[in-house]
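Hi,

Here is the structure I promised to pass on. Have a look at it first, and my notes follow below.

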Amino acid sequence: MTEQLVIIGNGMAPGRVLEELFEAGNADYQVTIFNAEPRVNYDRIMLSPVLSGEKQFDDIVIHSDEWYAARGVTLHKGKPVIDISRERRIVTALDGTAACYDKLIIATGSTPFVPPIPGHDLDGVITYRDLDDVDTMLEVAANGGHAVVIGGGLLGLEAAAGLTERGMNVTVLHLAPSLMERQLDVAAGYLLEQALIDRGIEVITNANTKQIHGDVGVSGVELEDGQRLEADIVVIAVGIRPNITLAEGAELETNRGVIVDDAMVTSDPNIFAVGECVEHRGQCYGLVAPLYEMARVIARQLGGEDASYTGSSVSTKLKVTGIDVYSAGDFAEDENREEIVLRDAAKRTYKRLTIEEDRIIGVVLFGDARDGPWFFQQLRERRDISESRESLIFGQNYAGGARADPTAAVAALPDDAEICGCNGVCKGKILRAIEANDLNTVDDVRAQTKASSSCGSCTGLVEQLLKLRLGEDFAIDAVKPMCGCTNLSNDDVRRLIVADELKSIQAVMQALEWTTSCGCAKCRPALNYYLLSTWPGEYEDDLQSRFINERAHANIQKDGTFSVVPRMWGGVTSADELRAIADVVDRFEIPTVKCTGGQRIDLLGVKKQDLPAVWADLNAAGMVSGHAYGKALRTVKTCVGTDWCRFGTQDSTGLGVKLEKLMWGSWTPHKVKLAVSGCPRNCAEATCKDLGIICVDSGYEIHLAGAAGMQVKQTQILCNVSTEQDVIEYASAIIQLYREQAHYLDRIHGWLARVGIDTLRAQIVEDSAHRIELFERFLFSQRFSQHDPWAARAHGRESHEYLPLARIARREAPA
């Protein structure tokens, strides 16, 4: 007989109850959920990435509407329950919606504690617990300004980091002498404070808030010492309290939380409680791992099994991008305890293990938390560490004094060892999923088990489990590192530059743990380009990270001289320009003048010391660098089009000139060549260029991904457009997408082979809003790119680059 199961609350804990219940398939319930929030179940752990902009709400949804419908679950959104009638076994929501139950689960969570600070009820003073709070912060942050976060615990610091990512000036006020004092010792708290300061967050400890100022909306915060801080928003994150109001109204036994026994049953045998509202053996929990353990027990009880919850050891990981912090257990000082400490000032890492009776009872890690789950497993199992004591602090791979095979170390873990703390997924569940569903990738495991789908810190462990089951069929190193200085791929580096707002090469190398001090000839030019294209107007080009041709702004030849190629817009020149070129050739005795395949003139054999003077003379005639040496727009080749040709369908020359004048100076992952042909006869050879335009009677065909060098490739047609302005918009959007997505040294055809023409059409042709955004980003970037490098050097910039070696030697010789 089907029983009625009603759940009050739709957070992560009751969601896990249903997953476990449905997965077991041994219970028959008609499920009804009342959710106070007007939405489906989502991963609250991932609110911080939503706040910072790394994720969107859809990325953190745990159970969609379709998930509930497929399982016959009735979900009442935005309907908070106001009454439980235990005698009648009926719950009633604020709008009058009611439901009968045979079994009831109370999962009302917690409420933020708001201290009675004068002004705490002003508009703009909020707490940080759910998506509505995030939306409020995002709305305020859109206008910039100042934010004050009261509370330097886990939630407060995540809010501070997210608001900083959104462009606000953030100050954290913390009453205690060090941050996260409940989870970290003083040393780790200090390192955390310095890391936050490095990210631009002001931190004030020992800060007692006296008053929040404002008329209707908040305007500032005053401290007890008289210091005043400007504030457009105040976020209070000083702690939580179990939400027991409904349970108290139903006269269930409560204390700090809703009291439950080891079966998670309240004082009413038909009512369970789970999550942050619960008090079990005098303990309330606010982290997700214990809540999932509680949920598993309730699911088994509902399925007729005998299960009990005996309490949890908990660990904490700070989910702020770029800050690696982990803690677990009890690390308070005691005369019967000892500690093992490892510090590395250069790496800014700190590790501390608290030992009692040859067992780990506390762990604090800062800067390198990869071994946190391994230490935590030993803490939970109370393993004797006496034999591994000397090497223990160095982590799992050095256990016993020698470097161990990481796959073997994972194989040694028991099946109930927790792999993913965020989602409560154990080793056995992952292995069973791999075998039952023929999983081959980390993404497959994420989809089936949710392991590694939240903070991602357990990805390495998941990879090792795949390696364990699949053997040589699974390659952990399938992603090609950017170079030997890092294990990260080009895509990882580009993503983290944006996510971490890394704005210098050294910042990237420090934050992403480069294994060399200064990088190499492969990664430095790539990092320089990624930073230049990501932060236009903010990042300053690092000339020492460029190849010789780009540093000299001319192409070096085999005899040590250089070639100079002035820009000719669309291949069009004039008598004045040609006279200027002839005069330069005569004056500087340039031995060879040659027409290029891109409709320009190349001056070959220019001495390095003559380059600034050559450029000055060409500048005087109105000519600028053709960037023939750069990873940039090279040429826009054109035919004469309707101006002169009887077959021409459009003004190909005029369009080519417009495109070149718009795009010149733009740095790209590799060289970019364009062409505009006035008719399908294709005299400008547009079908073998990176980007080609072919004029037709009805408008223009846009082609891309051609090549005519070592790899000859014909272009692919992206689309047809009607006007010149359309061509300019589409072409600019394509180049900008290439600039943002391609790996350094990828030509457009290499990039397109990776992403696919259909993906490009979806982003450029079908999504007009995205196309316009790309076009606008390109125009913005060009504001900082269209400065002639020849002119600057003709006026003395980087003059040391062009001195003969003999003069440099004389200049540097001692007096």
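The second largest pocket of this predicted model holds about 870 Å³ of space. Its lining is made up of 32 residues, and those nearest the centre of the pocket are Glu 293, Arg 296, Arg 300, Asp 416 and Cys 426. By residue type, the lining of this pocket splits into 13 charged, 10 nonpolar and nine polar residues.

Which elements supply at least two residues each of that lining? They are α1 (12-24), α9 (288-302), α10 (372-381), β29 (425-426) and α12 (427-437). The largest share comes from α9, with seven residues.

Now to the aromatic rings. There are 12 aromatic pairs in the structure. One of them joins Trp 67 and Tyr 68: the ring centres are 5.3 Å apart and the planes stand at 90 degrees, over the 60 degrees needed, so this pair is edge-to-face. Trp 67 and Tyr 68 are both buried, and together with Phe 22 they form one aromatic cluster.

Another pair is Trp 374 with Phe 375, which is tilted, with 5.3 Å between the centres and 50 degrees between the planes. Trp 374 counts as buried because its relative accessibility of 12% is under the 20% cut-off. Phe 375 is buried as well, at a relative accessible area of 1%.

Finally, two arginines sit over rings. Arg 16 places its charged end over the ring of Tyr 292, 3.9 Å from the ring's centre. Arg 681 lies over the face of Phe 647, and here the distance to the ring centre is 3.8 Å.

Best wishes

Definitions and conventions: Residues numbered from 1 in each chain as written. Predicted model: local features only at pLDDT ≥ 70, side-chain atom pairs only at ≥ 80, totals over all residues. Heavy atoms only, no water. 1 Å grid on protein atoms, 1.4 Å probe; cavity = no way out; pocket = protein on both sides within 12 Å on 5 of 7 lines; lining within 4 Å. Points joined across faces, edges and corners; volume = space filled by probe spheres on them. Helix = DSSP H or I, 4+ residues; strand = E, 2+ residues; numbered from the N terminus. Nonpolar A, V, L, I, M, F, W, Y, C, P; charged D, E, K, R; others polar. Phe/Tyr/Trp six-rings, centres within 6.5 Å; stacked < 30°, edge-to-face > 60°. Buried < 20%, exposed > 50% of the residue type's maximum accessible area, 1.4 Å probe, protein only. Lys NZ or Arg CZ within 6 Å of the ring centre and 35° of its normal.
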